[in-house]
Amino acid sequence: MFSNEPRGPVVATGLARLGDWTSWSSALVLLALLPVSLACLSPFAALAGAILPGRTGLWMCLYFASLGLMFIPGLQYLQIWLIGLPSREPSIDERARLDPAWDDVVERLGTGHKRRYRLRVLDDGCNLNAAAAGGHLVMVTSRALRELTDDELRAILAHEAGHHAGLHPVVLLAQAWLHRPIGAVAWLAVKLHNFLAWSTRIEMRAGLLIALIVVIWFIRLALWLLRIILGAASLVLTFFGRRAEYKADSFAVKLGFGPALIDALATISWEQPEEAPDSSPSSFLETLSKTHPPTMQRIERIRGALD
């Protein structure tokens, strides 16, 4: 049964969704990526404008405006499809655990939040995990539902609510929207490069051969620059993403779920080989590319907040 008494100090908080320094700092990085994304999107928008009614600028605006569909509560199934996560509605037994846990979290947040969010289950038999996605989705893996205690389940749901409060899923969605045109252009550029490289084997005039080689090297340079830009942006965004995990932990602590969150993280850490005491230390680049901070560091921070 779920306990009505919190297992930690409760601080008045809410789900105002104003973001935090991690989400706004990430927004600045995405703003710097916007010109690159617009440049990559423009040929597709021009093609759409040539085939369908509307100018190139209109189609570019529609592409980015479509991101707003992710935050309309009634379009959750469209959101699930666009996100691409294989989630489903909870079963009767799963909802019997999820609903009371989420109700407890929502009660501490205040009124008006229960109907805004949709609970989903990820059929992942390998991971004890949860996720905040889209504008209104909170997801838990089926294994987490089976193996976490009631208090631990409430704690990770409060953690995911913290992600929504910090607008962290919004940052991830905006990043995906900006990357899609860039990824499409990069894919086409690679295909064109390979075709032109193959064409150089055919006998042709020296002038044409030189022109092809120049184009090939231009494509290589453009792809190299794209890799550097996206790689640098990804490292910075991943850094802010790790800090966002601390912010979501802090949100759960303020709601009174600190001790239970420690228990949940301790349980999850046993499932991660890299968290084992005898595991080899990660390299510098591996550390930079990780999306989550080390679990033990998160636990220590939570304990510090509780003291």
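The following legends describe an overview and several close-up views of a predicted model.

**Figure 1. Overall fold of the predicted chain.** The secondary structure consists of 11 helices and four strands. The chain has 307 residues, of which 40% count as buried. Among contacts with a separation of 6 or more, 73% are between residues 24 or more positions apart.

**Figure 2. The aromatic pair of Y63 and W177.** The structure holds six aromatic pairs, including that of Y63 and W177. The two ring centres are 6.3 Å apart and the planes form an angle of 35°, which makes the pair tilted.

**Figure 3. The aromatic cluster of W21, F239 and F240.** Ring pairs join these residues, W21, F239 and F240, into a cluster.

**Figure 4. Arginine R220 over the ring of W217.** R220 is placed over the face of W217, and its distance from the ring centre is 4.7 Å.

**Figure 5. Arginine R301 over the ring of Y246.** The charged end of R301 sits over the Y246 ring, at 3.8 Å from the centre of that ring.

Methods:
Residues numbered from 1 in each chain as written. Predicted model: local features only at pLDDT ≥ 70, side-chain atom pairs only at ≥ 80, totals over all residues. Heavy atoms only, no water. Helix = DSSP H or I, 4+ residues; strand = E, 2+ residues; numbered from the N terminus. Buried < 20%, exposed > 50% of the residue type's maximum accessible area, 1.4 Å probe, protein only. Contact = heavy atoms within 4.5 Å. Phe/Tyr/Trp six-rings, centres within 6.5 Å; stacked < 30°, edge-to-face > 60°. Lys NZ or Arg CZ within 6 Å of the ring centre and 35° of its normal.
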